[in-house]
Amino acid sequence: MNKVLMQGNKIIGEAAIRAGCRFYAGYPITPQNEIPEYMAERLREVEGGVFIQSESEVAAIHMVIGASAAGARSMTSSSSPGISLKQEGISSLAACELPAVIVNMMRGGPGLGNISPSQGDYFQATRGGGHGDYRVIVLGPDSAQELADLTMDAFDLADRYRTPVMILADGMMGQMMEPVIFKTPKPRAYPESFIMKGAGAGKSKIIRGLILDPLDMEEHNWTLDRKYQVIARKETRHELYKADDAELILVAYGTGARIAKGAIKRLRESGLRVGLFRPITLWPFPTNELRDLAKKIENFLVFEMSTGQMVEDVRLAIQGRARIGFHGRPGGVVPTPVELANVVMRKYDRKEGIIDHY
Amino acid sequence: MMVKTIFSGFGGQGVLMMGYSLAHGAMSAGYNVTFLPAYGAEVRGGTANCTVAVSDDEIASPIASEPDYIVVLNTPSLYTFQNRMAPGGALFLNSSIIAVEPSRHDVRIFKIPSSEMAEKLGNPRTANTVMMGAFLKITGLVPPDIYLRSMETVMGSKKKSVIEINRKAFAAGHEFLKIAE
Amino acid sequence: MMKKVFGRPQSMKKNIFHYCAGCGHSIAHRLIAEVIDELDIRGITIGVPPAGCAVLAYNYFDIDMIEAQHGRGPATATGIKRVLPDRIVFSYQGDGDLAAIGIAESFHAANRGENITVVFINNAVYGMTGGQMAPTSMLGQKTTTSPAGRNNVLDGYPIQVSEIFSLLPGTAYIERCTVNSPASILKTRKAIRKAFQYQIDGLGFSLVEILSPCPTNWKMTPIESCRWIDEVMSKSFPLGVIKDLPAAAKGERKKGEQRHDG
């Protein structure tokens, strides 16, 4: 296996191609432009590859709907404001039970915000994002390697559960180059019967989200919900880092988790027993795993590049069993490990949990 | 060990190439590396910079708030980055273009007339490679042979003559500081 | 000897239309189904119904159908067609769907010369939601959201989609028809057939605009509605072939090496 040095955005593109992605539609927006550029180049080279620079984010996601229904592994990507535009189609994908992968390289917001790395779209991503009663599987990579691995996994998860899957990273993950090894993806196992390609001599098929009868719609909602419950039971992923002897656990994901690891190294050098709980799936959130940790550890500190979004999931998981503090840097600011270490140091001294948040 | 370097200059001076080739070289030498280009709106304004972190441990943040080394190819870059440097670090500047004196006295300063040297070699575009020769001579981050292999790799399908002149440029930068010392 | 002169097209399901009396949708549906039968493409055709009155089109067509969100039909159809270039893909859209909320998707699919067919039902009103003003409502037309009549200063002008789209090099065939008389219905049928044939031949984007009666929201009888199309609507939206340039379209398409459907 060859180790290569590649930029995050391009890693996603390459991993997608290797995973069999044959349809991409997207619209330019910083800081993820290298994804459409890479796909434009690579999809020319693979058989059946289709790249479309769409007229809008909205059009892109609806092209993905068509391509997914027609049986292609399909992807679109954008950054925060563009992801807001795509929500109509993501809701449709969930309703119609169509697989697709959506990449969000988050930037500062709300509104146009800026183009710096941010984690302000956690709520939008993990609560469905668009209208209606649905969830999206959300993966939060924290390294080049995970960008590759989780992109490949995203296609498998999307197929297995016939549901949209989102890669939630940020401008820093997208722009950074890091060594990566591309694993061999599993061959696709997606039943032909789900694919819309004309009725042939047989019965015609309908793919739709419109269900006018409330009782039928309710049943469809419960069907989706049962699927989401299976996903929540089977697909949560997290990483524990130096947590065995920890007295305080940092909870962070993606770029935030990288910074947290750097802070933890420094803190441990000063003799502070600090560890990290890193959710890898943001939805489903590793609730039970975090709750178990709260049985033996009393202090948690959530760190996010936002004003505090994942912290709500941490509270829901821990349910008052431990103290929970929060440190956030929204707006596109990427704090240094030193800054975070200093924050932890102050809170650790006071052994005080609920601080600084609202 | 954790070393962070910022490369900075005008767009077109090969600033990103310096960082990319160093990152590739360090990866080939077995280190963990990150390479982070500045991608802000300022990139469109004609300046370019990038940050390379090299470590034998996991790299937490690819951003350098206190770089150990800076390599600056123009005056605005010197102003932007010299005050961020960690004390005891090393500052490499292109003295063909930068006429002002750095304000830092707690770092080692290396002035390399890289544009003139590159011109003398016959290709002014290799000033960045001259700087890399000098930079690796002092920092020893990556052995020259590994670096040169990486440089060829990242240059991709460039012509042999281009590779050759860059090798010469690297050697000139490397030699230059040997003589100066 | 008995000869069967009228029957249900094979591409239609045995369901009774929910459309109002005098509505043009059911006629348009039937014409499409007849053409699909005639061209023998039922097994390879995928339809994309819109949001609007025709949202339930999949209850009537016995072909594969994927419902699009409001206005997004041409984007969804693009995705399908690019992945399955040998299938016949059509989008069925109303005036709000095509000329308002989905104007970007429709315009750009046309401009890319997507090898799809759009059947555009223009009834100058939002039917399903209860008769609001549409982008194609006539000046002076009273609707629930233009109670004093459409006012050009406040509401702009009826959009001539077919004429505008005909300026795009990607479009091969555009015709405006109506379904207010037996003769016009036969003409419309011919137009739909031609549009599908152009797609089969890989000639690019084809669009059939159908001026379609909406007696319920126009607050007219079906007969008055049919007359209104002749006397008012077709004055702003002249009937006939607006563009028919298969050769030009073919030439354009040959140049693009990236096409997967040419």
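Tutor: Helices (H or I, at least four residues) and strands (E, at least two) are taken here as DSSP runs, numbered from the N terminus. This is a predicted model, in which local features need pLDDT of at least 70 and side-chain atom pairs count only at pLDDT 80 or more, whereas totals for chains, interfaces and linings use all residues. Residues are numbered from 1 along each chain as its sequence is written, and chains are lettered from A and ligands numbered from 1 in the order in which they are written.

Student: Where does A:Gln319 lie? Is A:Gln319 buried or exposed, and how do you know?

Tutor: A:Gln319 sits in the loop between α11 (310-318) and β15 (323-328) of chain A. A residue is buried if 20 or more other C-beta atoms, placed from the backbone, lie within 10 Å of its own, exposed if 12 or fewer do, and partly exposed in between. A:Gln319 has 10 other C-beta atoms within 10 Å, so it is exposed. Its phi is near 50°, a positive value in a residue other than glycine.

Student: What makes C:Ala124 buried or exposed?

Tutor: C:Ala124 has 28 other C-beta atoms within 10 Å, and therefore counts as buried. C:Ala124 belongs to the loop between β4 (117-122) and β5 (125-126) of chain C, and its phi, near 60°, is again positive in a residue other than glycine.

Student: How do you know that the peptide bond joining A:Gly109 and A:Pro110 is cis?

Tutor: Omega for the bond between A:Gly109 and A:Pro110 is about 5°, and A:Pro110 lies in the loop between β5 (100-106) and α5 (122-126) of chain A. The bond from A:Trp283 to A:Pro284 is also cis, with omega near 0°, and A:Pro284 falls in the loop between β13 (281-283) and α10 (287-294) of chain A.

Student: Why is α2(C) called oblique to α4(C)?

Tutor: Two packed helices are described by the angle between their axes and the distance between the axes. The axes are lines fitted to C-alpha atoms, for helices over the stretch in contact, and angles run from 0 to 180 degrees between N-to-C directions. Angles under 35 degrees count as roughly parallel, over 145 as roughly antiparallel, 65 to 115 as roughly perpendicular and the rest as oblique. Helix α2 (residues 73-83) and helix α4 (residues 103-111) of chain C pack at about 40°, with their axes 7 Å apart. That angle is why α2(C) is oblique to α4(C).

Student: Which residues of α2(C) and α4(C) meet?

Tutor: C:Pro74, C:Ala75 and C:Thr78 in α2(C) meet C:Glu105, C:Ser106 and C:Ala109 in α4(C), where contact requires that the C-beta atoms, placed from the backbone, lie within 7 Å. The residues of this contact divide into three nonpolar, two polar and one charged; nonpolar covers Ala, Val, Leu, Ile, Met, Phe, Trp, Tyr, Cys and Pro, charged covers Asp, Glu, Lys and Arg, and the others, Gly among them, are polar.

Student: What makes β10 and β15 of chain A edge strands?

Tutor: Two strands pair if DSSP finds at least two bridges between them. The order β10-β12-β11-β14-β15 describes an open sheet of five strands in chain A, with mixed pairing. In that sheet β10 (238-241) and β15 each pair on one side only. The twist averages 20° from one strand to the next.

Student: How many bridges join β11 to β12 of chain A?

Tutor: Four bridges join β11 (residues 248-251) to β12 (residues 274-279), and these strands of chain A run parallel. A:Leu248 stands opposite A:Val274 in β12(A). Helix α9(A) lies across β10, β11, β12 and β14 (299-304) of chain A, and runs at about 170° to β12(A).

Student: Which chains share the most contacts?

Tutor: Of the two pairs of chains in contact, that is chains A and C, with 33 residues taken from chain A and 30 residues from chain C. On the side of chain A that touches chain C, α3(A) gives the most, with nine residues. Strands pair across these chains too, with two bridges joining β9(A) to strand β2 (residues 64-66) of chain C in the parallel sense, and A:Ile206 stands opposite C:Met65 in β2(C). No contact joins chain B and chain C, whose closest C-alpha atoms lie 25 Å apart.
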